[in-house]
Amino acid sequence: PLHLRLDQLSAFFLILLGGASFGVSLFSAGYFKSMQGGTLGLACLEYHLFLASMALVLLADDAYMFMVAWETMALSSYFLVTTDHDVPDIRKAGYLYLLIAHVGAIAILLSFGVIQGGNGIGAYTFAAMREAHLPAFWASVAFLLALFGFGAKAGLLPLHVWLPEAHPAAPSPVSALMSGVMLKTAIYGILRVTFDLLGAQQWWWGVLALALGLATAIFGVMFAAVQGDMKRLLAYSSIENIGLLLAGIGLTIIFHVYGKDALAALSRTATLYHSLNHACFKSLLFVGTGSILHA
């Protein structure tokens, strides 16, 4: 039942994944060099599994493939976050991350189930979901579940609590990949469900996304301004930027519903551009922080 498909949206996010992970991987080669043989081998396996699972999330064309890749991404990143698992605080941060990741995964699974429900018993392929014409109520339920599930991974309010804990705990290259790339897979998921799998949107979805995005952005930047720890500061900055991306998605929905397609295209282009922008600069900031902490 596993299907793969490459379209323009997947291709854009694959460019983002490839570009950011290329630079981070070059840095990782030197960063992980000091680790012991067995630990280094395990870290390398988890690192490459993490990269592969993110690529499969972007290429998945059915709910089975998507959820297998999503769970693999969550588990491999959990093991990378808890690389220094001898430290109690790092173990605690890892457990918090894993808990919220799985709560979010359940919501995403339910969202796919609701969308598929409009088409009877099927193979849970995205093609079948596109054909399902849901009533307004069930479409709204699917959107809210998707927003909650992907928002948990992205770090939206009030599901952001894992982010400032996990980023300082993880090795710097892992923080760079999680913040620069993994958070964007959640943005990809929201875009995929909202504009591809759910045929028609409703105006209040956009208002909700816009309000939630702006609240998350303001919260993130306020807390970033008072941090003394560099990696925690960057984690709150990531929360702010994810909020800005969700605000862009909210504007796109509102413009699209009211037939302002030129403005909808502009706001979606801005969202995609800032996704790429944030992937590059946040990865670079985490890598720079890693160099400082190493020194």
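Before looking at how two helices pack, I noted that axes are lines fitted to C-alpha atoms, for helices over the stretch in contact, and that angles run from 0 to 180 degrees between N-to-C directions. Helices (H or I, at least four residues) are DSSP runs, numbered from the N terminus.

I reminded myself that this is a predicted model, in which local features need pLDDT of at least 70 and side-chain atom pairs count only at pLDDT 80 or more, while totals for chains, interfaces and linings use all residues. Residues are numbered from 1 along each chain as its sequence is written, and side-chain values use heavy atoms, with hydrogens and water left out.

**Entry on α1 and α8**

I looked up helix α1 (residues 8-31) and helix α8 (residues 172-197), and found that they pack at an angle of about 170° with their axes 9 Å apart. The two are therefore roughly antiparallel to each other, a term that applies to angles over 145 degrees. Their contact (heavy atoms within 4.5 Å) includes L9, F13 and L16 of α1 and A176, L177 and I187 of α8. By class, I read 15 nonpolar, 5 polar and 2 charged residues in this contact, where Ala, Val, Leu, Ile, Met, Phe, Trp, Tyr, Cys and Pro count as nonpolar, Asp, Glu, Lys and Arg as charged, and the others, Gly among them, as polar.

**Entry on E46**

Is E46 buried or exposed? I found E46 in helix α2 (residues 37-59), and its relative accessible area of 14% makes it buried, as buried means under 20% and exposed over 50%, with partly exposed in between (1.4 Å probe, protein chains only). Leaving aside neighbours within four places in sequence, E46 is in contact with S76, F79 and L80. E46 and S77 are 31 residues apart in sequence, yet 7.5 Å apart in space, C-alpha to C-alpha.

**Entry on the second largest pocket**

A pocket is an open set of points on a 1 Å grid over the protein atoms alone, where a 1.4 Å probe fits, with protein on both sides within 12 Å along at least five of seven lines, and lining residues have an atom within 4 Å of a point. The volume of this one is about 200 Å³, and α2 gives the most to its lining, with 4 residues.

**Entry on P158**

Most peptide bonds are trans. I noted that a cis peptide bond joins L157 and P158, with omega about -5°, and that P158 has its place in the loop between α6 (136-154) and α7 (163-169).

Definitions and conventions:
Parallel < 35°, antiparallel > 145°, perpendicular 65-115°, else oblique. Points joined across faces, edges and corners; volume = space filled by probe spheres on them.
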